[in-house]
Amino acid sequence: NNNGKHYGHYKNGHDYRLPMSNADFNLLLSTLYNAGFESTKISIAGSAIRSNYFTSRQVLELLGGFSFESSKLEMAKMAYPKVVDPNNYYLVYNAFSFESSIRELELYIRR
């Protein structure tokens, strides 16, 4: 039982994970942007990340909903294993204000 998630799609013999649909993603964004507290936003995004797949561009948009660099970094690390296009994850670097955050994310990804 896959609880309605998009598993078991095969493309060229590989497991093919489908990212969140635009409609579902837009609902997630509006829920995130309407949340008042950063801690609430982390809970909402964390829950969504655990149960869905994303494109790198969607992760970038998701991070735009956070006020604090530390929250963005935490979410970017959590989301990385759930992206369908890890080759494009460099796009997520645009969410950060500090070079140190980008370096920390790069190190995390390489591990």
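## Labels and their cut-offs

Tutor: Gladly, and let's start with K41, which is found in helix α2. Helices here are DSSP runs of H or I with at least four residues, strands are E runs of at least two, and both are numbered from the N terminus. This is a predicted model, in which local features need pLDDT of at least 70 and side-chain atom pairs count only at pLDDT 80 or more, while totals for chains, interfaces and linings use all residues. Residues are numbered from 1 along each chain as its sequence is written, and side-chain values use heavy atoms, with hydrogens and water left out.

Student: What makes K41 count as buried?

Tutor: Buried means under 20% relative accessible area, exposed means over 50%, and partly exposed lies in between (1.4 Å probe, protein chains only). K41 has 9% relative accessibility, so K41 counts as buried.

Student: Which residues does K41 touch, beyond those up to four places away in sequence?

Tutor: K41 touches L32, A35, G65 and F66, where contact means heavy atoms within 4.5 Å. There is also a C-alpha distance to look at: K41 and T31 are 8.5 Å apart in space and 10 residues apart in sequence.

Student: Why is S71 called buried?

Tutor: S71 has a relative accessible area of 4%, so the label is buried. S71 is found in helix α4, and apart from residues up to four places away in sequence, S71 touches E38, I42 and F66.

Student: What joins the side chains of S71 and E38?

Tutor: A polar contact of 2.8 Å. The term asks for a pair of N or O atoms within 3.5 Å; within protein, one must be able to donate a hydrogen and the other to accept it, and residues adjacent in sequence count only if both atoms are side-chain atoms. E38 also has a C-alpha distance to S67: 7.2 Å, with the two residues 29 apart along the chain.

Student: Where is S67, and what makes it exposed?

Tutor: S67 is in the loop between α3 and α4. Its relative accessible area is 57%, so S67 is exposed. S97, in the loop between α4 and α5, counts as exposed because its relative accessibility is 60%. In helix α5, by contrast, we find S101, which counts as buried because its relative accessibility is 5%.

Student: How do you know that the buried residues of α3 are on the same side?

Tutor: The buried residues of α3 (residues 56–63) are S56, Q58, V59, L62 and L63. They cover an arc of only 155° around the axis, so they lie on the same side of α3. The arc is that of the directions from the helix axis to the C-beta atoms. These buried residues pack against α1 (22–34), α2 (38–51) and α4 (69–79).

Student: What covers the buried residues of α4?

Tutor: The cover includes α2, α3 and α5. Among the buried residues of α4 are E69, L73 and A76, and E69 and L73 are in contact with S101.

Student: Which residues touch the most other members of the largest nonpolar core?

Tutor: Y89 and L105, in a core of 26 residues. α1, α2, α3, α4 and α5 (99–110) each supply at least two residues of this core. A nonpolar core is a set of buried Ala, Val, Leu, Ile, Met, Phe, Trp, Tyr and Cys residues joined through side-chain atoms within 4.5 Å. Leaving aside neighbours within four places in sequence, the contacts of Y89 include S56, V59, A76 and L105.

Student: Why is the pair E104 and K77 called a salt bridge?

Tutor: The term needs a side-chain nitrogen of Lys or Arg within 4 Å of a carboxyl oxygen of Asp or Glu. For E104 and K77, the N to O distance is 2.6 Å, so the pair meets the rule. E104 lies in helix α5 and K77 in helix α4, so the pair ties together parts that are 27 residues apart in sequence. With a relative accessible area of 36%, E104 is partly exposed. The count by this rule comes to 1 salt bridge.
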